[in-house]
Amino acid sequence: MPMTAGVNEINAGASVPASERVPSKSTLGKNDFLRLFVTRLSNQDPMAPMQDEQFIAQMAQFTQLEELQNMNSNLEKSLNWSLLLSQTINNTMATSLIGRSVRVESNALVLQENKPADIHFDLDKAAQNVTIEIADADGTLVRALRIDGASAGANQTTWDGLDASGNQMAPGRYTLKISGEDAEGKPVNARGYFNGTVDGVRYIDGQAMLTVGSVLIPLSDVLEIHTAEG
């Protein structure tokens, strides 16, 4: 009697019941892998069964696949939980700042009616000259202030609220662009900031934004926190 040819792959030399057929997928899950493995065992040649080494290798692959899927699932849960926890902490901290005085890194400048505006900025190192460009809400340059000599660290100057032609500008929010050069003409890093009192908190897309006057400030831009008197 002729011996049946060995079956080494699914559907090679033996038909698989429709109920056990696996639909075509771009990736296989652990259940798909287990189904394929059981199907292969049930259709192997009794005269040439799968060797122990093959069996162990197949089971090792299945175990690794399951561990990787479980790890991926746990990682996604951990990341989601960390994000939720971070948002909760930030939102709670933001509300505790209401009424407190803060120092905020920002390029915003608020001009009040009939009042000059104080401009604060930090320099990484001493600068021979500093240029401060003031633009309106449309981005149009209205005034450029120049300072001869500024020390490293905190500095302050004042804008009288006038444009380059001497006209009084309307109260509102303006934008600063600060640049500096040292004695050798090399650029000096500068960043603007302002001091103000937190009036409230506004939530935008689940993120807490501090309201300081008419300016919305992300919590991450707060450099210092003081009492209202500080």
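This report describes the fold, strand pairing and side-chain contacts of one predicted protein model.

## Basis of the model

The model is predicted: local features need pLDDT of at least 70, side-chain atom pairs count only at pLDDT 80 or more, and totals for chains, interfaces and linings use all residues. Residues are numbered from 1 along each chain as its sequence is written, and side-chain values use heavy atoms, with hydrogens and water left out.

## Overall make-up

The protein chain holds two helices and 12 strands. Helices (H or I, at least four residues) and strands (E, at least two) are DSSP runs, numbered from the N terminus. Read from that end, the order of elements is α-α-β-β-β-β-β-β-β-β-β-β-β-β.

Of the 230 residues in the chain, 29% are buried. Here buried means under 20% relative accessible area, exposed means over 50%, and partly exposed lies in between (1.4 Å probe, protein chains only). The accessible surface of the chain comes to about 15,000 Å², and carbon and sulfur atoms contribute 51% of that surface. Accessible areas come from the Shrake-Rupley method with a 1.4 Å probe; for residues, only the protein chains shown count as cover. Among contacts (heavy atoms within 4.5 Å) with a separation of 6 or more, 64% are between residues 24 or more positions apart.

## Strand β7 and its partners

Strand β7 covers residues 172–181. Two strands pair if DSSP finds at least two bridges between them. Strand β2 (residues 108–111) runs antiparallel to β7 and is joined to it by four bridges; within this pairing, L109 has Y174 as its bridge partner. Strand β4 is also antiparallel to β7, with seven bridges between them, and V130 is partnered there with G180.

On β8 the count is two bridges, again antiparallel to β7. G180 stands opposite V188 of β8. The two strands form a hairpin with five residues between them, and G185 in the turn has a positive phi of about 80°.

## The aromatic pair

The whole structure contains one aromatic pair. Rings of Phe, Tyr and Trp (its six-membered ring) pair if their centres lie within 6.5 Å; planes under 30 degrees apart count as stacked, over 60 as edge-to-face and the rest as tilted. The pair consists of W159 and Y174, and because the ring centres are 5.2 Å apart with the planes at 75°, the arrangement is edge-to-face.

W159 belongs to strand β6 and Y174 to strand β7, 15 residues apart, and the pair links distant parts of the chain. W159 is buried at 0% relative accessible area, and Y174 is buried at 5%.

## Salt bridges

Seven salt bridges are found in the whole structure. A salt bridge is a side-chain nitrogen of Lys or Arg within 4 Å of a carboxyl oxygen of Asp or Glu. One of them joins K125 and D182, at 3.2 Å from N to O. K125 sits in the loop between β3 and β4, and D182 in the loop between β7 and β8, so the bridge ties together parts that are 57 residues apart in sequence. K125 is partly exposed at 39%, whereas D182 is buried at 9%.

Another joins D160 and R143, with N and O 3.0 Å apart. D160 is in the loop between β6 and β7 and R143 is in strand β5 (residues 141–150), 17 residues apart. D160 is partly exposed, with 38% relative accessibility.

## R103 and the salt-bridge network

Which residues are linked to R103 in a network of salt bridges? The network comprises R103, E105, D122, R191 and E224. Within this group, D122 and R191 form a salt bridge whose closest N and O atoms are 3.9 Å apart. D122 lies in strand β3 (residues 117–123) and R191 in strand β9 (residues 190–204), so this pair ties together parts 69 residues apart in sequence. D122 is buried at 13% relative accessibility, while R191 is partly exposed at 37%.

R103 itself is in strand β1 (residues 101–105) and is buried at 12%. R103 lies over the face of Y193, 3.8 Å from the ring centre. A charge sits over a ring if NZ of Lys or CZ of Arg is within 6 Å of the ring centre and within 35 degrees of the ring normal. Leaving aside neighbours within four places in sequence, the contacts of R103 include D122, Y193, F194 and E224.
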